[in-house]
Amino acid sequence: MSEKKIRSVTRRKFIYDTSLAVIGTTLLTGVPGSLFSETGKPVKSTVVLIRDKNVLDDKGAPRSAVVQDMLDKAVVALTGENDPVKGWKTIIRPEDIVGIKTNVWKYINTTSEVEEALKKRVMGAGVSEENISISDRGVLRDPVFKKATALINARPMRTHHWSGVGSLIKNYIMFIPNPSSIHDDSCADLGKLWNLPLVKDKTRLNVLVMFTPQFHNVGPHGFNPKYVWKYYGMLVGFDPVAIDYMGLNIILSQRNTFFGENRPLNPHAKHIVYADTRHHIGNADPKKINLIKIGYEKDILI
Amino acid sequence: MILLWFNIMAENDLRSLKTITGSLPKSISGWKKSLTEGYYSPDNLFEYINGNAELFISYDFRNLITLTYNKDESTEITVDIFDMGNPANAYGVFSHSRENEDKFISDEIESEYGGGLLTFWKGKFYISILVYPETEGRKEIVKIISKMISNLIPGDNTKPSILSLLPAENLSPFSIRYFHHHIWLNSHFYISGENILNLGKDTEAVLAKYYPEKENKTSTIFLLINYFDTKKAEIAVKSFLKNYLTDSENGFSRLSDGNWAGIEQNGKMLTIILNAPDRDYAATLLKKVKYE
């Protein structure tokens with residue numbers, strides 16, 4: 001290893017990169033688009049952040065009707081259509097075979113309410129029920145996923161011991177038979193999952209659930225309710241990297257607010273930037289992200 | 001022969017762990033103990049805590065026994081007892097992520113409780129007890145179980161001796177992290193993607209934060225490493241100067257963010273100051289280390 005190469009990844013460069021990320025928190029107004037015009041890495045990515053304080057009931061469980069409404073408004077804003085069903089028809093074709101990649105982690109999961117809201121709109125776009133499957137750890141064995149022409153990726157964001165955060169990018173780790181094989185260097189290269197033949201160019205929509213994200217990790221299971229907060233939000237878009245970048249910034253802001261000092265993630269979620277710079281699957285550059293904010297604004301953190 | 005010896009030791013370790021879990025009551029205030037226990041070794045720990053297993057293995061994890069207490073179908077208390085081989089590594093795992101310490105179990109036990117999760121260490125064991133969602137009643141059961149486990153583990157809590165070298169003034173007590181693997185250094189304070197300080201299982205390191213001014217929220221990082229070998233410490237100094245403090249004068253350098261860093265070797269020990277507000281403070285902190 002040459003001196004030059006070693007020095008290129010030291011804290012000095014990290015400080016520079018972090019400064020850029022902070023500068024980038026002021027964002028432009030979004031421009032609606034359509035998936036079918038955004039193949040490959042887009043020049044500019046639109047991300048919709050929608051929040052509704054009524055999404056959680058008194059016990060903290062999601063309300064189905066509010067979840068559906070949030071998803072619909074996000075898709076309308078994202079596609080520029082005046083109706084969610086019309087919007088979904090620009091995302092999914094009737095002949096598609098659709099795998100909805102969810103996340104079933106015991107403590108904070110995608111939620112059945114989000115899964116069902118997605119399924120309802122996929123069926124509304126003309127896809128028959130037998131051509132839709134919702135799965136997480138069984139995707140490699142699932143007949144629908146095996147022949148899927150379209151994927152929808154939905155999961156919650158939370159801090160993670162090994163990769164910094166559990167992200168949309170990371171949610172495709174179940175598309176390889178040995179997920180731990182990609183743990184090197186804090187899962188730096190999770191982005192390469194998106195170039196697997198089973199996945200490449202199939203993802204039509206990404207939903208990062210931020211109803212109750214976790215911003216800090218303690219304990220062997222990576223879960224501590226003390227560090228879970230009600231954010232009432234959902235990030236929706238076509239570009240998983242841009243969405244993860246925004247979700248990550250919300251997590252970081254919450255950490256700084258809670259701890260009262262600058263508290264970078266432990267470890268850093270480097271896989272999000274590398275998904276852009278190494279694997280070219282999306283934008284982690286704030287100058288290339290249009291953020292559309294809808295709904296509840298208090299403590300929005302971004 | 002060596003392999004056989006290791007196998008016998010591992011079996012003895014697991015037996016002592018089973019003695020602890022086997023002594024826990026079958027029922028506590030209506031909470032029923034699971035009929036079966038889960039046993040995990042370094043070879044299959046990832047099956048239980050995928051993504052987190054690497055942390056424990058880097059601290060020389062030996063065995064885990066996990067069991068539950070259930071009151072109804074939807075609520076359970078998960079009890080995990082990790083045999084970390086020695087007290088230093090049990091403390092190391094605990095120190096890795098705790099933000100606070102409380103007296104949840106007793107004055108003698110370092111623990112952290114919040115939101116339904118209790119973590120603590122005693123002897124060579126690191127223990128996690130999780131109930132979710134939390135209620136006051138469930139919290140009491142967690143306390144009862146933790147006291148029982150604590151009483152079943154013989155001996156006291158002896159921390160790694162290297163911690164005694166940390167200067168006391170302005171030290172943030174819950175910021176102390178004890179580790180071996182370089183990735184944990186980076187997770188607490190990022191230095192380099194490469195292991196430029198040659199950290200590993202044969203070294204021990206302690207990192208702590210100092211706040212020179214109470215109103216100042218920026219911490220100075222204190223890193224102390226024992227290489228157990230003077231030659232290895234010398235090699236690490238050269239590597240750090242070559243790859244990190246490239247433009248240092250007498251072991252001090254000002255980085256691009258305006259903060260100062262400094263390094264000093266004392267035999268097999270190496271001390272590094274990072275993120276200091278000025279050179280004087282870095283130098284003062286280095287001088288405060290009372291090497292043995």
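Biologist: Leaving aside its neighbours within four places in sequence, which residues is A:Thr159 in contact with?

Modeller: A:Thr159 is in contact with A:Val165, A:Gln214, A:Phe215, A:His216, A:Asn217, A:Ile251 and A:Leu265, its neighbours within four places in sequence being left aside. Contact means that the C-beta atoms of two residues, placed from the backbone, lie within 7 Å. This is a predicted model, in which local features need pLDDT of at least 70 and side-chain atom pairs count only at pLDDT 80 or more, while totals for chains, interfaces and linings use all residues. Residues are numbered from 1 along each chain as its sequence is written, and chains are lettered from A and ligands numbered from 1 in the order in which they are written.

Biologist: Why is A:Thr159 called buried?

Modeller: A residue is buried if 20 or more other C-beta atoms lie within 10 Å of its own, exposed if 12 or fewer, and partly exposed in between. A:Thr159 has 25 other C-beta atoms within 10 Å, so the term buried applies. A:Thr159 is in strand 4 (residues 150-160) of chain A; helices (H or I, at least four residues) and strands (E, at least two) are DSSP runs, numbered from the N terminus.

Biologist: What makes the buried residues of helix 8 of chain B lie on the same side?

Modeller: The buried residues of helix 8 (residues 279-287) of chain B are B:Ala282, B:Leu285 and B:Leu286. They cover an arc of only 100 degrees around the axis, and therefore sit on the same side of helix 8 of chain B. The arc is that of the directions from the helix axis to the C-beta atoms. Exposed B:Asp280 and B:Lys287 are on the face turned away from the buried side of helix 8 of chain B. Among the elements covering the buried residues are strand 11 (220-226), strand 13 (260-266) and strand 14 (269-276) of chain B.

Biologist: What makes up the largest nonpolar core?

Modeller: A nonpolar core is a set of buried Ala, Val, Leu, Ile, Met, Phe, Trp, Tyr and Cys residues joined through C-beta atoms within 7 Å. The largest one has 83 residues, and A:Ala74, A:Val98 and A:Met246 have the most contacts inside it. Helix 8 (residues 240-259) of chain A gives the most to this core, nine residues. A second, separate core has 73 residues, including B:Leu64 and B:Tyr91.

Biologist: How many residues does each chain bring to the contact between chains A and B?

Modeller: Chain B gives 35 residues and chain A gives 31 residues. Helix 6 of chain B supplies the largest share of the chain B side, three residues. That side divides into 11 nonpolar, 16 polar and eight charged residues. Here Ala, Val, Leu, Ile, Met, Phe, Trp, Tyr, Cys and Pro count as nonpolar, Asp, Glu, Lys and Arg as charged, and the others, Gly among them, as polar.
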